[in-house]
Structure formats: structure tokens, C-alpha cells
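Here's a quick tour for anyone meeting this structure for the first time. Have a look at the picture, then read on.

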Amino acid sequence: MKSTRIFLAALVWLIMLTNNFSYNEGDEYLACAQKMPEPVGGIQAIIKQVKYPEFAKQNGIEGKVYLLAFIKEDGSIEEVKVVKGLGFGCDEAAISAVKSTQFIPAENEGKKVKIKYSI
């Protein structure tokens with residue numbers, strides 16, 4: 001029960017963060033769409049791209065890196081920001097993996113749109 005509350009609180013915080021975050025002034029990145037973007041090949045495509053930093057391996061550093069990816073209408077990544085990281089090279093490895101992944105673009109009413117996507 002406690003872990004569910006923590007998860008929900010984190011989800012609400014992340015939604016609030018993404019709703020108030022724009023990459024560049026004037027660029028409109030939606031927080032959600034009727035059809036959300038998907039990595040080509042699924043989440044496994046991103047996981048396969050991660051190159052675990054040697055320093056992190058040697059020092060037993062592990063955990064999750066939370067990212068906000070700005071995905072353009074063609075499914076390419078414009079920018080990736082760290083929302084919550086681990087350091088020790090893990091943040092950079094996660095960013096690199098996401099940037100090297102192509103996405104199926106988000107859509108609203110059949111039109112491709114730019115979106116902020118939490119990973």
C-alpha cells in the first residue's frame with residue numbers, strides 16, 4: 001500500500017513537471033497524445049543500447065535513471081533531459097541509449113505531433 005502511494009505521488013510529480021517544461025521558447029511539446037510514441041522495437045530496443053559504465057560496474061552502482069525525451073513529429077529525438085539520475089556515467093549512458101533509438105511518433109487526430117516523453 002505504501003509503495004503504491006509513493007508510485008502515485010511520483011507519477012503526479014512527473015506529470016506536473018512535464019506539463020510545465022518546454023525545450024525551447026515557442027516550441028510546443030505536448031505532455032500527452034491520443035497515440036503516445038513508442039520506441040521502434042519496444043523498450044528492449046533502448047535497453048540493448050545501454051552501455052553500462054565501467055566505473056559504475058566496479059563500484060556496484062545500480063538503479064534507475066528517469067529521463068524526459070523531446071520527440072519530434074518524425075520520431076527522432078531533439079533533446080533528452082535527466083529528471084532524476086544516478087551519476088557515475090549512468091545518466092550519460094541512458095541519454096545516449098535513448099538518443100540512438102528511433103521512435104514511432106505520437107499522434108493526435110491522425111496528425112503527428114511533438115511530445116515530451118518520460119522514460
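This is a predicted model: local features need pLDDT of at least 70, side-chain atom pairs count only at pLDDT 80 or more; totals for chains, interfaces and linings use all residues.

**Cysteines**
- Cys 32 sits out in the open, with a relative accessibility of 56%, so it counts as exposed.
- Cys 90 is tucked away instead: its relative accessible area is 7%, so it counts as buried.

**The overall layout**
- The protein chain has four helices and seven strands.
- Reading from the N terminus, the order of elements is α-β-α-α-β-β-α-β-β-β-β.
- The chain has 119 residues, and 31% of them are buried.
- Take the contacts between residues at least 6 apart in sequence: 72% of them join residues at least 24 apart.

**Helix 4, mostly under cover**
- Helix 4 spans residues 90–99, and seven of its 10 residues are buried.
- Those buried residues are Cys 90, Asp 91, Ala 93, Ala 94, Ile 95, Ala 97 and Val 98.
- What do they pack against? Their partners are helix 2 (43–49), helix 3 (54–58), strand 2 (66–71), strand 3 (77–84) and strand 4 (103–104).

- In soluble globular proteins, nonpolar side chains tend to be buried together.
- Here the largest nonpolar core has 19 residues, and the members touching the most others are Leu 67, Ala 69, Ile 71, Ile 77, Val 80, Val 98 and Phe 103.
- Strand 2, strand 3 and helix 4 each put at least two residues into this core, and helix 4 gives the most, with five.
- Setting aside neighbours within four places in sequence, Ile 71 is in contact with quite a list: Tyr 29, Pro 37, Ser 76, Ile 77, Phe 103, Val 113, Lys 114, Ile 115 and Tyr 117.

**A salt bridge**
- Side chains of opposite charge can pair when their charged atoms come close.
- The structure holds one salt bridge, and it links Glu 54 with Lys 57, whose closest N and O atoms are 4.0 Å apart.
- Both Glu 54 and Lys 57 belong to helix 3, three residues apart, or about one turn of the helix.
- An α-helix has 3.6 residues a turn, so residues three or four places apart point the same way.

Methods:
Residues are numbered from 1 along each chain as its sequence is written. Side-chain values use heavy atoms; hydrogens and water are left out. Buried means under 20% relative accessible area, exposed over 50%, partly exposed in between (1.4 Å probe, protein chains only). Contact means heavy atoms within 4.5 Å. A nonpolar core is a set of buried Ala, Val, Leu, Ile, Met, Phe, Trp, Tyr and Cys residues joined through side-chain atoms within 4.5 Å. A salt bridge is a side-chain nitrogen of Lys or Arg within 4 Å of a carboxyl oxygen of Asp or Glu.
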